[in-house]
Structures are given as structure tokens and as C-alpha cells.
Amino acid sequence: MNFIDARQVPSGTKLTPDLVIVGGGPAGISLALALANTKAKILLLESGGMEFDAATQALYAGQETGVKYYALDATRLRYLGGCTNHWGGWCRPLDEDDFEKRDWLPHSGWPFPRAEIEPYFPRAQSLIEAGPFLYDELAKGPMPQPLLSLGQGGLYNSFFQFSVWRGNPTHLPTHFGERYATDLKRIPNLQVMLHANVTGIRLAHDPRWVDHLDVTTLSGKRFTVAPRHVVLAAGALETARLLLASNDVATAGIGNGNDLVGRFYADHAIPRDTATMAVFGGDIAGVYKDTQDIRGAHCRATLSATQDFKRARHLLGALVTVEQHVPLDALGAAAVTTTSAALGVDGSNARAYSLGCGIELAPDPERRLTLTGERDALGMPRLKLNITISDDDFARYRTSLLELGRQLLASKTGMLRLDRKTRAEWLSVMDWGNHHMGTTRMHRDPKQGVVDANSQVHGIANLFVAGSAVFPTYGSSNPTLNLVALVLRLADHLKGIFR
Amino acid sequence: MTKPDRRVVIGGVAALGAVVVAGIGYEASHLIGKHYPPTPYDDLLALLPDREAAKAVGTAFLKDHPDFTAKAAAAVLRKHIGKQKLDAVLQREIASGALTEAGHWVVPQTLAGLCALAAKT
């Protein structure tokens, strides 16, 4: 039994594992599983327990400014499994161009190409339980109903696959805490400590090393953990908070010598009802409207911008989802009648659908986290998030939608109404994906990134960050599959250190 | 007197019936179908099979293009379309991205121009 309750640990205790993983979400759990049976003694510290607890969740509360966003204690969950306890299970690998440095996009460029994490996708796919790794290959095989004909152009039929918790009859996505608790308990070199909140990262006399972590429980216990290495896997919000708040030696916060920690926060903007698609031939394939099981994959068809289109037109990731059937108003019916007749096709059975979207934001240093003067129940300063979205972000996405409209006409498949044009119109239907990214961005140059290509905090030899906090750009794919692949790559790096 | 072949009679009656039905249909379409007064742009408007639907699209287009003048647009459209089939003209525009919006619906520019003409008449 290697699950222990921090509230049972006597105050003043000093623990000395080889590695501490801070956070028991998909990143922390994947890392622990990947390091099973290595020589390293591992301690995973999780703030919560096995279930939701209001007092623990309240530690997440903070402030938001800028564009309307979720409350910081509503956009994530603080117990074992982390955000997988409420995720939708959407999975898709990032595109190759997402990793590229683009001269027209400031702050773009990962330190390595996608090929660097590709070997880790199969294991990540397995941990996420998203079936065989097929994705866009699905479009090349037989389909229960034909996909939309889009012809040549900037958008194509793309596929998401969904995490399906093995053995769960309701098709819930995998909740990492509950799903892997038994596996974690079987790992001989791992201890999982619940209800253990890290409240400070303390540097050694040589500030290039972490000496120890302060750990506190809501019941008042205080003890220290002095590991050889630390991996922060607490999510893009909490990881930045920990680094910024640990400012007793490095006054700007650990790893923040270049004022980058907390900056470049990102999420996927997912405004609703962004466009209306009329399909001349009537009903579209069910796989656009809901998930279906095809070739062993629980999947859903979407429309995505091609890499060539993004490169040529200087666009970012753009995802289009088909939401629900909507009636055509008088003008819509007239537009369909006129256009289909002019193109020489029958539009008398046309059917219209509202479209949803996923917008990749350009990296913005002003979309950032800072600490406030308020403190939580453990004395930690609370976060303030300034969330931004630029007119260019909307304009780029609208260009992709316009291209979809062009392709529908070119293939005589249908036509598109662009429902949002002005900033006010976009903001009126604004929503977010709860995909927290970017606050400890990865870059080889310490002046441009908080962590290096190995996810090690620049200048701190034994401190690493795991998770989507390190993404320097974001793509339009949901982050979980990609962050788990990146974590598995980090695990290999750590295995080399512990060898 | 020769007795007429039964099949010939039945065939003749059926043919006559078809002619009558067709005639009624033709007259009915003349009576029921909407008549429009002649305009200087009938050659262009004839390209639109449903003038009322086109008017609705054109009215939406004109909201964003208040400077549209029928006479000038007609001259441009005649030159642009020439003797080509409308579908071919539109496909070329679609391929090159020569699109515009009418009431936020994405349509080829020539189609929007024709619809705007319909709305102006």
C-alpha cells in the first residue's frame, strides 16, 4: 500500500526521495507510471484526495481580468486525476507545422520538430485509452456514410479520437486518478501522498539547485521534502503560481529571471455558432454530429486547416465542428435556392447546421498570470489571470471559415454563412476549452523560454516542468494526448539521469 | 366500317390527355407564375431561375453596398459573362476566391451582382 495521507505525517518530518512529482493529474500520473521499476525512489505529491473536496478546491480561487473567462477555481479540479476528472476526452496530435518557427508569428517555434515526440504517441494513446492511433487515417478507409466532399482547398476532413475509460459502460473518458490508482499502488519505487500541498520551492545556497519543498496540509501539518530532482506537474496555472510565489531567494520567482513565468498563458477559444453551413444534398454523415465507433476508434469528424494552407496564408490552427441542425431563415432559404440553381445542383432538400470552432491564439506575453496580495488558506498568494484575444486571432479564423465557404461552393456541396464579424459579435458567443498552456514555455534560449528542450527550468539543474505549461505554441488540437507524449519523453530523459 | 383497334383508341385517348394536361399546366404557369415588367436587364435577370429568391439575396447584399448602381453593374456583368454559361463563370470565380457576402452568406461576386440587379428592379 503506497498511498499515504499527508495529514498523518508528523510535522517537521523531512523526506528524501530521489524524485518528487508535484501534481497528480495526467502529466504527473503518466510520469510516475513511466518511471515504474526504475532505481529512483519517487514521491508523488497530490494536493487533493481521491474525490472532490470543496476546501481543497478553494485553494484554486483567483481573479480574472480582460476577456470573460472561467473562474480559476472552476476551470480545473484539484484531486487525484486533475483535469481528467472533468475532461471531454477529445484527442488529436499536433500538426508538424505547429512546432515550426514562423517568421510572421512572434514567439513561435518549439526547440524540436514533431518527430521528436512521435515515438511517444503510441504509449500516450494507450494511457489515454483512445483506441488505435488512426486520426486522419480514418478518412481514407470505409465510412458508414460518405464524408463531405470539399475538393481541393485549405480545409479537410479531419478526425478526433476520444478517450474511453476501459470497462466503463457509459463511454466516459479516462479519469486518470481512479483509472490508474491500482497501477500506481503496484509500483514498488513509488509513494503517492494525498492531501499534500507544496507551498514553497526552496533553493540551496547554490541557487542553481532546489534544496527542498515546503509541504503543508489543510489540517495544519508542515514538513519538508528534499529530493534530488523535482518535476512540477501541477498544470499551467498552479506551476506558474508555485514558481512565482517561491521568491525568497530569487526575488522575481524561481526561473523568472527574464520575466517569463506566467506569461503567454493560452487556451483554445471556442466561440459557439460561428457559422451556418447549408448542405445542398440534405443530411450529413452522423460522424460529424456525434461520436461513432469506426475501426476500433471512438471518433468524430471535424474540419481542419491543412498545414499548407496555414503556411501559405500565415494562419494558425483552425478547427471546425458541426454542432446541431438549425432551420434556415427566409434569407438562408433564398440564398440556397439561388446559389444551388446557379451552380446547377438541386438544393431543395438542403439542411443547415450550426458550426462550432477551435481557435489557436497567437502567443501573447500580456496574456499572463501574476500574484495578487490575497492569500489562500495555506498562505499562498492567489493568482490573477489577464486573458486576451486579439482581433487578428478572430480574423485569422474567419479566413479559414471563408475558405471552407469557398470549398463548399467549388465542390457544389453547399454554402456557408459567416455569423460573426465584429469583435463584439465574436465576444458575444465566446467560450473556452479549459486547455491551460504556455506559462512556462519551452525554448533553448533562457531569454525566450522558462524551460529548455528537456523541460528543465533554465538555470536550475534539478527542476523540471511536465505538462502543457511548456507549450510555446498551441495548435488547435486538444493538449492532453500531446502533453502525455511530451511527459513520456521527459521520463526517458530522467531515466538517463537516474541510470 | 372497320372497328378501330382497341389499343389504338386507348393510346389516342392517353396522348390527347397528355396534351390537355400539358396545355393546362402551361396556361396555369402563365396565370399563376409571377410576371415582371420589362427591365433593361432582362438578359441578365433571365439567368436567375427564381427572381424572388434572388431579390432577397440582392437586398441583403445591397445593405452592405449602398453605392451599387444597376446600370454600371449591368454593363460590367454583361462584359464579364459574355456568352459563357453562368455556372462556368461562377466556378472560375469560386476557384480564384472572387467571393463576397450577402447577408453573411458567402457567394460568388457575379451571383451577388445579378441578385442585386434583381433587387433593384
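The expected span of a helix is 1.5 Å times one less than its number of residues. Keep that rule in mind for chain B, where helix α3 (residues 51-64) has 14 residues and runs 20 Å from its first C-alpha to its last, close to the 20 Å expected at 1.5 Å a residue. Helices here are DSSP runs of H or I with at least four residues, strands are E runs of at least two, and both are numbered from the N terminus.

This is a predicted model, in which local features need pLDDT of at least 70, side-chain atom pairs count only at pLDDT 80 or more, and totals for chains, interfaces and linings use all residues. Residues are numbered from 1 along each chain as its sequence is written, while chains are lettered from A and ligands numbered from 1 in the order in which they are written.

**Chain A as a whole**

- Chain A holds 11 helices and 21 strands.
- Its C-alpha atoms fill a box of roughly 80 × 45 × 40 Å, taken along the principal axes.
- Of the 499 residues of chain A, 54% count as buried. A residue is buried if 20 or more other C-beta atoms lie within 10 Å of its own, exposed if 12 or fewer, and partly exposed in between, with C-beta atoms placed from the backbone.
- Among contacts in chain A between residues at least 6 apart in sequence, 74% join residues at least 24 apart. Two residues are in contact if their C-beta atoms, placed from the backbone, lie within 7 Å.

**Residues to find in chain A**

- Val287(A) sits in helix α6 (residues 286-289) of chain A, and it counts as buried because it has 22 C-beta neighbours inside 10 Å.
- Leaving out residues up to four places away in sequence, Val287(A) touches Met143(A), Gln292(A), Ile294(A), Cys299(A), Arg300(A) and Ala301(A).
- Phe159(A) is 128 residues from Val287(A) along the chain, yet their C-alpha atoms are separated by 9.5 Å.
- Met50(A) lies in the loop between β4 (42-45) and α2 (54-57) of chain A. With 15 other C-beta atoms within 10 Å, Met50(A) is partly exposed.
- Tyr79(A), Leu80(A) and Gly177(A) are in contact with Met50(A), leaving aside its neighbours within four places in sequence.

**Two positive phi angles**

- Most residues other than glycine have a negative phi.
- His195(A) has a positive phi, near 60°. This residue is in the loop between β8 (190-194) and β9 (197-203) of chain A, and it is buried, with 24 other C-beta atoms within 10 Å.
- Ser455(A) also has a positive phi, near 70°. Look for it in the loop between α10 (423-428) and β21 (463-465) of chain A; Ser455(A) is buried, with 24 other C-beta atoms within 10 Å.

**Inside chain B**

- Chain B has 6 helices and 2 strands, following the pattern α-α-α-α-α-β-β-α along the sequence.
- Buried residues make up 26% of the 121 residues in chain B.
- Among the buried residues of α3(B) are Ala53(B), Ala56(B), Val57(B) and Phe61(B). Their cover includes α8 of chain A together with β1 (99-102) and α6 (109-120) of chain B.
- Helix α5 (residues 86-96) of chain B packs against α6(B) at an angle of about 125°, with the axes 8 Å apart. That makes the two helices oblique. Axes are lines fitted to C-alpha atoms, for helices over the stretch in contact, and angles run from 0 to 180 degrees between N-to-C directions. Angles under 35 degrees count as roughly parallel, over 145 as roughly antiparallel, 65 to 115 as roughly perpendicular and the rest as oblique.
- Val89(B), Leu90(B) and Glu93(B) of α5(B) meet Gln109(B), Thr110(B) and Leu111(B) of α6(B).

**Where the chains meet**

- The contact takes 21 residues from chain A and 25 residues from chain B.
- On the chain A side, the elements giving two or more residues are α8 (330-343), α9 (391-410) and β20 (414-418). The largest share, 10 residues, comes from α8(A).
- By class, the chain A side has 13 nonpolar, 5 polar and 3 charged residues. Ala, Val, Leu, Ile, Met, Phe, Trp, Tyr, Cys and Pro count as nonpolar, Asp, Glu, Lys and Arg as charged, and the others, Gly among them, as polar.
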